[in-house]
Amino acid sequence: MPIELILARLLRIGSIIAAILLAIGIAATLLTGAAYAPRFITAGLVVLLATPIMRVLVAGLVFFRERDWLFTLFCLVVLCSLAAGVLLGQVG
């Protein structure tokens, strides 16, 4: 399977899961005001933010499996940059 199809499918699935979680959270907030509603919204936002990170991770694994070392290195650099950004964001 071409890498473009794998990554497109991953982005589509992540977006659908995030949309479902957000819709459940918003609906629960509007209809019942339930205490668990913000958790669904938070989970939807986390999935939405994690989807591009998963895309880079999966691309790196596919490139590694195909022994495309240059693009594997690029993916590793991007993942390290994202991790550094998250860690620095927590500090300051």
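Modeller: One term before we start. A residue is buried under 20% relative accessible area, exposed over 50%, and partly exposed in between. This is a predicted model, by the way.

Colleague: Where is the place of Thr 29?

Modeller: Thr 29 sits in helix α1.

Colleague: And what is Thr 29 in contact with, leaving aside neighbours within four places in sequence?

Modeller: Ala 37 and Ile 41 are in contact with Thr 29. Ile 41 is twelve residues from Thr 29 along the chain. Their C-alpha atoms are separated by 9.5 Å.

Colleague: At what angle do α1 and α2 pack?

Modeller: About 175°, with the axes 7 Å apart. Helix α1 covers residues 3-31, and helix α2 covers residues 37-65.

Colleague: Are α1 and α2 roughly parallel or roughly antiparallel?

Modeller: Roughly antiparallel, because over 145 degrees counts as that. The contact of α1 with α2 involves 24 nonpolar residues, six polar and one charged.

Colleague: Which residues of α1 are buried?

Modeller: Ile 3, Leu 7, Gly 14, Ala 18, Leu 21, Leu 22, Gly 25 and Ala 28. These buried residues of α1 pack against α2.

Colleague: Now the span of α1. How far apart are its end C-alpha atoms?

Modeller: They are 42 Å apart. The 29 residues of α1 should span 42 Å at 1.5 Å a residue, so the two values agree.

Colleague: What about the end C-alpha atoms of α2?

Modeller: Those of α2 are 41 Å apart. Its 29 residues should span 42 Å, which agrees.

Colleague: Where does α2 bend?

Modeller: At Thr 51, by about 30°. A proline, Pro 52, follows within four residues.

Colleague: Is Thr 51 buried or exposed?

Modeller: Buried, because its relative accessible area is 8% and the cut-off is under 20%. Leaving aside neighbours within four places in sequence, Thr 51 is in contact with Leu 10, Leu 11, Gly 14 and Ser 15. Gly 14 is also one of the buried residues of α1.

Colleague: Which other residues of α2 are buried?

Modeller: Besides Thr 51, they are Ala 37, Gly 44, Val 56, Val 58, Ala 59, Gly 60, Val 62 and Phe 63.

Colleague: What covers the buried residues of α2?

Modeller: The cover includes α1 and α3, and α3 is 69-91.

Colleague: Let's go to α3. What does Thr 72 touch, not counting residues up to four places away in sequence?

Modeller: Gly 60, Phe 63 and Phe 64. Gly 60 and Phe 63 are among the buried residues of α2. Thr 72 itself lies in α3. Thr 72 counts as buried because its relative accessibility is 15%.

Colleague: And what does Val 77 count as?

Modeller: Partly exposed, at 46% relative accessibility.

Colleague: How far apart are Val 77 and Ala 35 in space?

Modeller: They are 40 Å apart, C-alpha to C-alpha. In sequence, Val 77 and Ala 35 are 42 residues apart.

Colleague: New topic: phi. What follows α1?

Modeller: Gly 33, with a positive phi near 70°.

Colleague: And which residue takes a positive phi just after α2?

Modeller: Arg 67, at about 60°. That is a positive value in a residue other than glycine.

Colleague: Where is Arg 67 found?

Modeller: In the loop between α2 and α3.

Colleague: Last one. Is Arg 67 buried or exposed?

Modeller: Exposed, because its relative accessibility is 62% and the cut-off is over 50%.

Notes: Residues are numbered from 1 along each chain as its sequence is written. This is a predicted model: local features need pLDDT of at least 70, side-chain atom pairs count only at pLDDT 80 or more; totals for chains, interfaces and linings use all residues. Side-chain values use heavy atoms; hydrogens and water are left out. Axes are lines fitted to C-alpha atoms, for helices over the stretch in contact, and angles run from 0 to 180 degrees between N-to-C directions. Helices (H or I, at least four residues) and strands (E, at least two) are DSSP runs, numbered from the N terminus. Angles under 35 degrees count as roughly parallel, over 145 as roughly antiparallel, 65 to 115 as roughly perpendicular and the rest as oblique. Ala, Val, Leu, Ile, Met, Phe, Trp, Tyr, Cys and Pro count as nonpolar, Asp, Glu, Lys and Arg as charged, and the others, Gly among them, as polar. The expected span of a helix is 1.5 Å times one less than its number of residues. The bend at a residue is the angle between axes fitted to the seven residues ending there and the seven starting there. Buried means under 20% relative accessible area, exposed over 50%, partly exposed in between (1.4 Å probe, protein chains only). Contact means heavy atoms within 4.5 Å.
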